[in-house]
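Hello,

Here is the structure I promised to pass on.

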Amino acid sequence: MSRPEDTLPPDLFYNDTEALKYTTSSRIQAIQSSMTHRCLELLSLPGPSLILDIGCGSGLSGEILDSYNHTWIGMDISPSMLGVALDRETTGDLLLADMGQGIPFRAGSFDAAVSVSAVQWLCNAETSDVTPQGRLSRFFEGLYASIKRGGKAVLQFYPKNDAQRQMITAAAVKAGFGAGMLEDDPGTKNAKLYLVLTVGSGGDLSGRDIT
Amino acid sequence: MKILTTNYLACAVKTCKSEPAAFPLHFKDAELAREELELNPEFIKNVLPRIDWPALAQTAAELGFTTLPSQKPENLDEQTMKDLHTLLMETQVMEGKLVCGNCGYEYNIKEGIANFLLPNHLV
Ligand SMILES: [Zn+2]
């Protein structure tokens, strides 16, 4: 199967048909759900929190966040995905936005951030006036500022290769995050990579510290 | 879009970073709706310290809510909690625009979703 990242930009790839296919696939739902649970476990939030969901898509992760009594705000670049989220009557607020353009929230807004299967898209540059490096640094700098001191972000993503994995983690560290990498089922086809990021001191790093 | 969210949103245009006039964004032609949600007191208590009260008062006034206390409440009695829940969580802007007070950029809101996609030269 080809990687969607290699075919079209996300706003075009996730058209109405793909968005619905993605959302109604029980296999994708189950994987998405278990990864969101894992993100929450790694965040270990003390109570109902305000969470940014980056690449929220049709709100599959948001449903899990709801079930824990959290309030979430989701960003996604695909109008079709957000359309499905509307139809599914998710409770989170939705924003049509490109994470590579930054995070349009004031400093210290969120308790935490989660992202499931999205940030590898930052390594794509769709037009000649943007670069993956520029998009990555705008994203991580914006994310760093928007999370409160002592807060955390857990980003599950699918790097295409080691170089991409390095590029993404390096951009996070450069933006000021403390960073750890955790891999579930390493070496198998179910391997899942989680970048665990902390803002300021006092955060508890899970996995291997890479800073 | 919940009023809560508008208290955290800032203009995304590059030249508006750390410009005081770029927050809060101002509503234009806002159509409101109310969606009943279960009261979550722990959540309200958690976010209250991070609510920018002067900005919230300004937003509320622009939308026609004039009963908001002028100061952030120190103690949340039952009524204050309910009022805050109604304003922050249940009141939604479904259609309209959010306008930056610094650069004038207008973010469209359709079906409750604000469009924050910018042309690349503004990022
Ligand atoms: Zn502006």
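This is a predicted model: local features need pLDDT of at least 70, side-chain atom pairs count only at pLDDT 80 or more; totals for chains, interfaces and linings use all residues.

Residues are numbered from 1 along each chain as its sequence is written, chains are lettered from A and ligands numbered from 1 in the order in which they are written, and side-chain values use heavy atoms, leaving out hydrogens and water.

Strand β3(A) pairs with β4 of chain B (residues 113-115) in the parallel sense, over two bridges. Strands here are DSSP runs (E, at least two residues; helices are H or I, at least four), numbered from the N terminus, and two of them pair if DSSP finds at least two bridges between them.

How many residues of chain A are in contact with chain B? There are 30, and they meet 31 residues of chain B, with contact meaning heavy atoms within 4.5 Å. The area buried between the chains is about 2,500 Å², and carbon and sulfur atoms give 57% of that; buried area is the accessible area (1.4 Å probe) lost on putting two parts together, summed over both. In chain A, D93(A), Q101(A) and R106(A) lose the most area to chain B, together 27% of what that side buries.

The rule also finds two salt bridges across the interface, taken as a Lys or Arg side-chain nitrogen within 4 Å of an Asp or Glu carboxyl oxygen. The side chains of D111(A) and R50(B) meet in a salt bridge at 2.7 Å, N to O.

Best wishes
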